[in-house]
Amino acid sequence: MTPPVTGAASIAVAPLAVSLGDPSGIAPEVIAEAWARRGDSALAPFFLVGGASVLRAAAASRGIDLPVSPISSPDEARVVFETALPVLGDEDCAPSPGEPTLDGARLALHSLTRAVELTVSGEASAIVTGPIAKSKLAQAGFAQPGQTEFLADACGLPHADAVMMLAGPSLRTVPLTVHEPLSAVPGLVTRELIERKARIVALALARDFGLSAPRIAITGLNPHAGEDGRMGREELEVIAPAIAALRSEGLAVTGPHAADALFAAHERSGYDVALCMYHDQALIPIKTLDFDQGVNVTLGLPIVRTSPDHGTAFAIAGKGKASAGAMIAAIRMASQCAAARAA
Ligand SMILES: NC(=O)c1ccc[n+]([C@@H]2O[C@H](COP(=O)([O-])OP(=O)(O)OC[C@H]3O[C@@H](n4cnc5c(N)ncnc54)[C@H](O)[C@@H]3O)[C@@H](O)[C@H]2O)c1
Ligand SMILES: N[C@H](C(=O)O)[C@H](O)COP(=O)(O)O
């Protein structure tokens, strides 16, 4: 796979905004750990929105000596970041690792909303979102299926134009349909959606990842990509015509590929991103190969947004077991993409 853009962290002008995620999950502790490893990991300055006491408790649970410094505007983060983790705003809640609460969900929603606003306004160069539990946040008024769609709404875009991509050292994948029940997927796989998302992927990989002509492998929906119509007709009637249309526009698109073999090492060298038909088809390979370095990045937005690939992991919160690898990768990728746009 073509390597990601590297070494650009210091070019980004404004600091990164990090949203807290669910304060009862592992986000606060992996954010604290990311700050503690900022030097080794060459992380660009970031600040957290809200949750100072949650952050302190999470750091203490891992034995991290974490100075927290309140800031009143994002531009203060650059100076503060070397010696303390900057926290913007005094919204907070009582720490309760592993036990999500309504107060915690409200804080998570506030942190996300404010961090998005600051990124849209340009006061932050990108947003890195801590993981949330969507069902918990819904109790606090979160109306979207996920943060990806929340960002689409905040940017005034249709949900389909905010495209989820999972990226790691081994591969990149995009789910065409995302948080949908499996039974609904066949009806949602349309020519229009495949063409629309493939175009967004191609533009975004050029703009944010330096891949001027990205190779996009598109999967089938059915076993063996339908086996010439014997195991389903979506490949013949929907996916292949979409691929033909995209190729006629000059995009480097192949498929429909049988999804079961597409993620083997010898196949992965043949494409830059796999556009998959449904959530698990796209996310199982990346979470199997790259769980600890996997980044969820939203393509097609006017702002840069990343998130670690993992979720809230309530069962291990506060126990010192959570790896910060994916959070560090998400922070690094956010600054690299922001720098690529600024160049
Ligand atoms: N970016 C996001 O906001 C995001 C991403 C995925 C899932 N979620 C949400 O998280 C909640 C829990 O989802 P889930 O259980 O399917 O996934 P999960 O990622 O929270 O947990 C899956 C498994 O991986 C482990 N794990 C997760 N992160 C880890 C880390 N950093 N280090 C070590 N082990 C880790 C967990 O202990 C668990 O065994 C759901 O409500 C889901 O919606 C949010
Ligand atoms: N689909 C993602 C995953 O499983 O990793 C996760 O739910 C995040 O979705 P949002 O970024 O839309 O919240």
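Helices (H or I, at least four residues) and strands (E, at least two) are taken as DSSP runs and numbered from the N terminus. The structure is a predicted model, in which local features need pLDDT of at least 70 and side-chain atom pairs count only at pLDDT 80 or more, whereas totals for chains, interfaces and linings use all residues. Residues are numbered from 1 along each chain as its sequence is written, and chains are lettered from A and ligands numbered from 1 in the order in which they are written.

Helix α11 (residues 279-289) contains His279. The UniProt annotation "binding site", from an unreviewed entry, covers His279 together with His179 and His224; these positions span 101 residues of sequence and are also spread in space, up to 23.8 Å between C-alpha atoms. UniProt positions are given in the numbering used here, feature names are shortened, and annotations may be inferred rather than shown by experiment. His179 lies in the loop between β7 (172-175) and α7 (185-188). Burial is assigned from C-beta atoms placed from the backbone: a residue is buried if 20 or more other C-beta atoms lie within 10 Å of its own, exposed if 12 or fewer, and partly exposed in between. His279 has 17 other C-beta atoms within 10 Å and is therefore partly exposed; His179, with 13 C-beta neighbours inside 10 Å, also counts as partly exposed. Two residues are in contact if their C-beta atoms, placed from the backbone, lie within 7 Å. Leaving aside neighbours within four places in sequence, His179 is in contact with Pro145, Gly146 and His279, and His279 with Pro175, Thr177, Val178 and His179.

The surroundings of the ligands were examined with a C-beta criterion (a residue is near a molecule if its C-beta atom, placed from the backbone, lies within 6 Å of it). Ligand 2 is surrounded by Gly146, Gln147, Thr148, Leu283, Asn296, Ser307 and Asp309. Residue classes are defined with Ala, Val, Leu, Ile, Met, Phe, Trp, Tyr, Cys and Pro as nonpolar, Asp, Glu, Lys and Arg as charged, and the others, Gly among them, as polar. On this basis the shell of ligand 2 comprises 1 nonpolar, 5 polar and 1 charged residues. Ligand 1 is surrounded by 18 residues, of which the closest are Pro131, Ala133, His310, Gly311 and Ala313; this shell divides into 10 nonpolar, 7 polar and 1 charged.

The domain assignment, whose bounds come from an automatic or database source, gives domain 1 (1-161 + 296-343) and domain 2 (170-289). Their centres, taken over C-alpha atoms, are separated by 29 Å. The contact takes 16 residues from domain 1 and 18 residues from domain 2. On the side of domain 1 that touches domain 2, the largest share, 3 residues, comes from helix α12 (residues 325-342), and the residues of that side divide into 9 nonpolar, 4 polar and 3 charged.

Nonpolar cores are sets of buried Ala, Val, Leu, Ile, Met, Phe, Trp, Tyr and Cys residues joined through C-beta atoms within 7 Å. The largest has 109 residues, and those with the most contacts inside it are Leu16, Ile31, Ala126, Val201, Ile216, Leu275 and Ala334. Helix α12 gives the most to this core, with 11 residues. Not counting residues up to four places away in sequence, Ala334 touches Leu16, Ala126, Val128, Val304 and Thr306.

Helix α1 (residues 27-36) is largely enclosed by the rest of the structure, because 9 of its 10 residues are buried. Elements covering the buried residues of α1 include β1 (16-19), β2 (46-49), α2 (52-61), β4 (85-88) and α12.
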